Amino acid sequence: MNSRIEVVRTTSENPDFVKLIEIFDTFLWERYPELKKDYWGNNVIEFNDNVVLIYLDGKAVASGCFKKYSENTAELKRMFVSPEARGLGLAQLVIKELEEEAKNQGFEIMVLETLYKQIEAISLYQKVGFSIVENYEPYVGLSNSVCMSKFINSLQ
């Protein structure tokens with residue numbers, strides 16, 4: 001059986017994105033109930049027109065977005081793949097699409113933050129070229145955070 005994969009660039013107002021983020025937040029707070037007070041404010045989604053959704057056979061199963069962090073740096077945010085769609089390479093596809101759009105907008109670096117228990121996520125990010133760096137604001141001093149960075153506009 002061949003599954004049909006569709007990549008859609010959209011905004012944070014897309015109902016499918018909102019639904020996936022709600023599922024993602026529930027997953028995070030169930031896995032990290034002790035961290036909710038430290039991180040809740042960092043998970044507010046303001047309007048964002050740099051959102052990628054992946055549909056598998058017509059159902060939204062993966063998402064991610066980025067926002068401007070500084071003049072030449074974009075921050076990868078809200079990466080999530082539904083449990084039933086994991087292992088299909090969809091997270092890598094989301095990252096590739098977001099990096100391409102960030103490059104088109106003139107960004108040279110992409111940063112991200114994840115939590116230390118997200119072993120699969122850390123491994124994925126390293127696989128696609130991210131390296132662990134010192135925590136950047138607003139994560140400085142938060143020992144549960146793992147911050148990563150990647151040059152996206154280098155000539156390769």
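E100 counts as partly exposed, because its relative accessibility is 38% (buried means under 20% relative accessible area, exposed over 50% and partly exposed in between, with a 1.4 Å probe and protein chains only). The model described here is predicted, so local features need pLDDT of at least 70 and side-chain atom pairs count only at pLDDT 80 or more, while totals for chains, interfaces and linings use all residues. Residues are numbered from 1 along each chain as its sequence is written, and side-chain values use heavy atoms, with hydrogens and water left out.

E100 has a charged partner in R9: the two form a salt bridge in which the closest N and O atoms are 3.5 Å apart (a salt bridge is a side-chain nitrogen of Lys or Arg within 4 Å of a carboxyl oxygen of Asp or Glu). The pair links distant parts of the chain, with R9 in strand 1 (residues 5–10) and E100 in helix 3 (residues 90–104), 91 residues apart. Helices (H or I, at least four residues) and strands (E, at least two) are DSSP runs, numbered from the N terminus. R9 also forms a salt bridge with E101, and here the closest N and O atoms are 2.8 Å apart. Since R9 lies in strand 1 and E101 in helix 3, this pair ties together parts that are 92 residues apart in sequence. R9 counts as partly exposed because its relative accessibility is 38%, and E101, at 21%, also counts as partly exposed. Both glutamates belong to a network of salt bridges that links R9, E97, E100 and E101.

In general, side chains of opposite charge can pair when their charged atoms come close. The count for the structure comes to nine salt bridges. One of them joins E75 and K77, whose closest N and O atoms are 3.9 Å apart. Both partners are buried: E75 has a relative accessibility of 3%, and K77 has one of 12%.

The buried residues of helix 3 are L90, A91, V94, I95, E97, L98, E99 and A102. E99 counts as buried because its relative accessible area is 10%. Apart from residues up to four places away in sequence, E99 touches M110, F130, K150 and I152 (contact means heavy atoms within 4.5 Å). After helix 3 comes G106, whose phi is positive, near 95°.

The largest nonpolar core has 29 residues, and L76, M79, I95, M110, Y125 and F130 touch the most other members. Such a core is a set of buried Ala, Val, Leu, Ile, Met, Phe, Trp, Tyr and Cys residues joined through side-chain atoms within 4.5 Å. Two or more residues come from each of strand 2 (51–56), strand 3 (59–70), strand 4 (73–81), helix 3, strand 5 (109–115), helix 4 (119–127) and strand 7 (145–151). Helix 3 gives the most to this core, with six residues. I95 is in contact with L76, M79, L124, Y125, V128 and F130, leaving aside neighbours within four places in sequence. A second, separate core of 14 residues includes L28, W29, Y32 and Y55.

The structure holds five aromatic pairs, where rings of Phe, Tyr and Trp (its six-membered ring) pair if their centres lie within 6.5 Å, and planes under 30 degrees apart count as stacked, over 60 as edge-to-face and the rest as tilted. The rings of Y136 and Y139 have centres 5.6 Å apart and planes at 90°, so this pair is edge-to-face. Y136 and Y139 are both buried, and together with Y69 they form one aromatic cluster. Elsewhere, R86 lies over the face of F27, at 5.7 Å from the ring centre (a charge sits over a ring if NZ of Lys or CZ of Arg is within 6 Å of the ring centre and within 35 degrees of the ring normal).

Finally, T11 is found in the loop between strand 1 and helix 1 (15–31). With a relative accessibility of 24%, T11 counts as partly exposed. Not counting residues up to four places away in sequence, T11 touches F17, F47, N48, D49 and V51. T11 and L112 are 101 residues apart in sequence, and their C-alpha atoms are 19 Å apart in space.
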